[in-house]
Amino acid sequence: REERARMSALVTRSCATSKVGGARRATNPLCLPSVVLGSRTASLRRQHQQQKHDVRANASVFVVNTPGGGHAVIGFHLAKQLAEQNHDVTIMVPGDEGSDKMNKEPFSRFDELRSMGVKTVWGSTSDCGACASGSYDVVVDNNGKDLDTCQPVIDWAVGQGAKQFLYVSSAGIYKPSVTPPHVEGDPVKESASHVSVENYLRSASVEESIFRPQYITGDANNKDCEEWFFDRIARGRPVPIPGDGMATTNVAQVEDMAKMMTLAVENDQAHGGLFNCVGDRGVTLNGLVELAAEAAGVNMADVKIINYDPEEVGVEGKKAFPFRYTYHFFSEPRAAVAKLGMTYERTLGDALKERWAAYKASGRAEKDMSFEMDDKIISAMTEKVAA
């Protein structure tokens, strides 16, 4: 009896740090003392382990999806996968349904979502309630990059009773590291606008789950990724890669990114969680050329990679190449694997084969294109070799 009373007192003190009204929740999800005191404690832990995997379906989910940029495709696939899991999904795009942006993917394919029962609406992040119908258990912000844009969405979500808020941030906020890869908890650039959003969300009276993506490949993407490599390989052109080509990055398949976020919905293991929303393996920049060539069925012996120093050839690296190249910029999804049971089924190489087929079918391989900056790099490097 005395031991049970002592355990009860310890549990009460541990639970006092739960997240209420913006205070941080206890680090022990069971609200139990860190030392196991007998079989009763072990039994409680086993019961909790069973309960934490009992994720309730049919949640009502409101997704704010960016009207442009690479992240738009995340919301599209997320809505699809949530609908497949029998969740009630509404996807809201800031802006006007009649905008020219809506003629591009993924928006031009919203009929696919509607056929699955997903509601598609347009509106303003300053007043989500104006286009909402009822209340929502889970709200997802896959749009805002700064607090001015995101705070009204967070405040509305809390006010209408959301239990969980998912925010799509960015792995670009990590500080460059001499010990890659980036893992959850690594130092970030405090000046980055996403950081202020993450901090505000952590203080809000809702369970937060934060996702940090990097580069994205996949169906319905409207921002070039692998296409940059395909454009050159399809035309038999040299592929100019800044640096020595050995910088490592991460290119994630959007289907995997949506899967990770779907696993987090109404899952208490995701509450208060920070997740690198990335692929399970890194890839070097020169390696991306090799994977793209393989996907296109081109022998690497017929592909010329030109590694160069942007300053030496007189070009701005950011304009000449779409990836970060001055350091190893890649993250690992350790938290999602450990907490959400995230798994990966397909390699990046196999995904790129599918993307090459879509690239060819689009007719882009036959379009006239200008490679003026490439030509400048190639010319400078040719002169350097000749000298």
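How many nonpolar, polar and charged residues are in the lining of the largest cavity? I'll come back to that below.

Ground rules first. I'm looking at a predicted model, where local features need pLDDT of at least 70 and side-chain atom pairs count only at pLDDT 80 or more, while totals for chains, interfaces and linings use all residues. Numbering runs from 1 along each chain as its sequence is written, and side-chain values use heavy atoms, with hydrogens and water left out.

**Cavity.** I searched on a 1 Å grid over the protein atoms alone, where a cavity is a set of points that a 1.4 Å probe fits but cannot get out of, and lining residues have an atom within 4 Å of a point. I counted one cavity of 30 Å³ or more. The largest cavity holds about 50 Å³, the volume being the space filled by probe spheres set on the points, which are joined across faces, edges and corners. Its lining is Cys225, Glu226, Phe229, Val251, Leu288, Ala292, Phe323, Leu348 and Leu352. By class I got eight nonpolar, no polar and one charged. Here Ala, Val, Leu, Ile, Met, Phe, Trp, Tyr, Cys and Pro count as nonpolar, Asp, Glu, Lys and Arg as charged, and the others, Gly among them, as polar.

**Pocket.** A pocket is an open set with protein on both sides within 12 Å along at least five of seven lines. I found about 690 Å³ in the largest pocket. It is lined by 28 residues, and Gly70, His71, Gln214, Tyr215 and Lys223 are the closest to its centre. That lining splits into ten nonpolar, 14 polar and four charged.
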